[in-house]
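Dear colleague,

I am passing a structure on to you, and I would be glad if you could look through it with the notes that follow.

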Amino acid sequence: MYMNLGADDVKRQVPRPSELRPLLQFEKPQLRSRDRRLARALTIEDLRRIAKRRTPRAAFDYTDGAADGEVSLARARRAFAEIEFNPRVLRDVSRVDTGRAVLGKRSALPFGIAPTGFTRMMQAEGEIAGATAASAAGIPFCLSTMGTTSIENVAATSPDGRNWFQLYLWKDRDASMALVDRAAAAGYDTLLVTVDVPVAGARLRDVRNGMTIPPTLTPRTIVDAVPRPAWWLNFLTTEPLAFASLSRWPGSVADLLDSMFDPTVTWDDLRWIRERWQGSLVIKGIQSVPDAVRAAELGVDAVLLSNHGGRQLDRAPVPFHLLPRVVNEVDCEVWLDTGIMSGQDVLAAIALGATFTLVGRAYLYGLMAGGRAGVDRSIDILRGQIERTMRLLGVTSLDELTPDHVSVLGSHPRN
Ligand SMILES: Cc1cc2nc3c(=O)[nH]c(=O)nc-3n(C[C@H](O)[C@H](O)[C@H](O)COP(=O)(O)O)c2cc1C
């Protein structure tokens, strides 16, 4: 028999507010547009897009760009995408521990904040935002020789943080070592010596943008400033840009870097630093197995496989590809940076044997998107991705991750 189930046969009632409420999924009103903006960013790439809108072109490009054709950076990022995770199932993953022992102390997450120069130019809160966000998250923060906040100021503003110092060996060795002594006096216990900088890489975007440090107001930068008033307001109303370690520089970025970097630095200099520095020593910018072995023999506590985020030698080895071979050959900790844009990237590196990782741009995009709150958001995004991916892989601690969890697709040598 035909039954009419049309609208006339449906029994209707007036909805009660208590029944409607759970169906209405409006966002809680958020007080600040910045918080709303950041909450909508679900990935580091989302933060990058916000950063690009809000930051003057020269400062954004200085951060986002790399050397020459930017091949090193693109390949490093692609290498992380070109893996397959091999999960295990039916394990209790209700609790996961993302902590990692690095140089004898626990970091709440398997990454720290990489040293970056000129950070207050990207957003006025600069290194203080990075150091305090890192401290709140229980992860290390590394201040650059080219930082825009002093060694002492970072230590005083983030006294509970684990602060590290990155050293460029200048032509003036005594001035470099004076910085190291200041870092030791301020309580920094780890020194990262960057060694992939005999000269500055060719950062073509900076040259094309006519970038200067600090940014200067020219007709072009003024036009660029109109849609980005917040950045300029912050820039013009906060302490003038100064460096952690050097005085104002009137020329171009390339000139500044070239005047600092010393092409005569050799292994003897590293030995000299090892003898003088009592704390942990990390060599940053290792890009081959023999150099990793040599550094380990010289007594460093960790080798950091890095091509400087693609900002120095273009078409450099991809650190992620180098990782398994170096892990096989050295006894000290092996760290990795360059190209990390997600928590999954971090876990892939840990699975292939890295003790620890550093993030550069992933932190700077957050900083440019929203100052300290933006850095918090970057760390939250990475943390969320790490926790979820650990669960999906069927592991509850980072030590359970092994090379078997990752297949590297493609044809480059793995072992
Ligand atoms: C804007 C910027 C500035 C940097 N400045 C320094 C620096 O002063 N000293 C240094 O050792 N490395 C510096 N680096 C390299 C980082 O420490 C790190 O090796 C790199 O950012 C890692 O790649 P990622 O950005 O893909 O994470 C800089 C990187 C960027 C993006």
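At least two residues of the lining of the largest pocket come from each of strand 7 (190-194), helix 14 (267-276) and strand 8 (280-286), where helices (H or I, at least four residues) and strands (E, at least two) are DSSP runs numbered from the N terminus. The model is a predicted one, in which local features need pLDDT of at least 70 and side-chain atom pairs count only at pLDDT 80 or more, while totals for chains, interfaces and linings use all residues. Residues are numbered from 1 along each chain as its sequence is written, and side-chain values use heavy atoms, with hydrogens and water left out.

A pocket here is an open set of points, on a 1 Å grid over the protein atoms alone, with protein on both sides within 12 Å along at least five of seven lines; a cavity is a set of points where a 1.4 Å probe fits but cannot get out, and lining residues have an atom within 4 Å of a point. Points are joined across faces, edges and corners, and a volume is the space filled by probe spheres set on them.

The largest pocket holds about 540 Å³ of space, and among the 28 residues that line it, Val195, Asp196, Val197, Pro198 and Val265 are the closest to its centre. Helix 14 provides the largest share of this lining, with four residues. By class, the lining comprises 17 nonpolar, seven polar and four charged residues, with Ala, Val, Leu, Ile, Met, Phe, Trp, Tyr, Cys and Pro counted as nonpolar, Asp, Glu, Lys and Arg as charged, and the others, Gly among them, as polar.

The structure also has one cavity of 30 Å³ or more.

Leucine 90 has a positive phi near 60° and sits in the loop between strand 1 (83-85) and strand 2 (100-102); leucine 90 counts as exposed because its relative accessibility is 88%. Phenylalanine 118 also has a positive phi near 60°, in the loop between strand 4 (111-113) and helix 6 (119-122), but phenylalanine 118 is buried, at 1% relative accessible area (buried means under 20%, exposed over 50%, partly exposed in between, with a 1.4 Å probe and protein chains only).

With best regards
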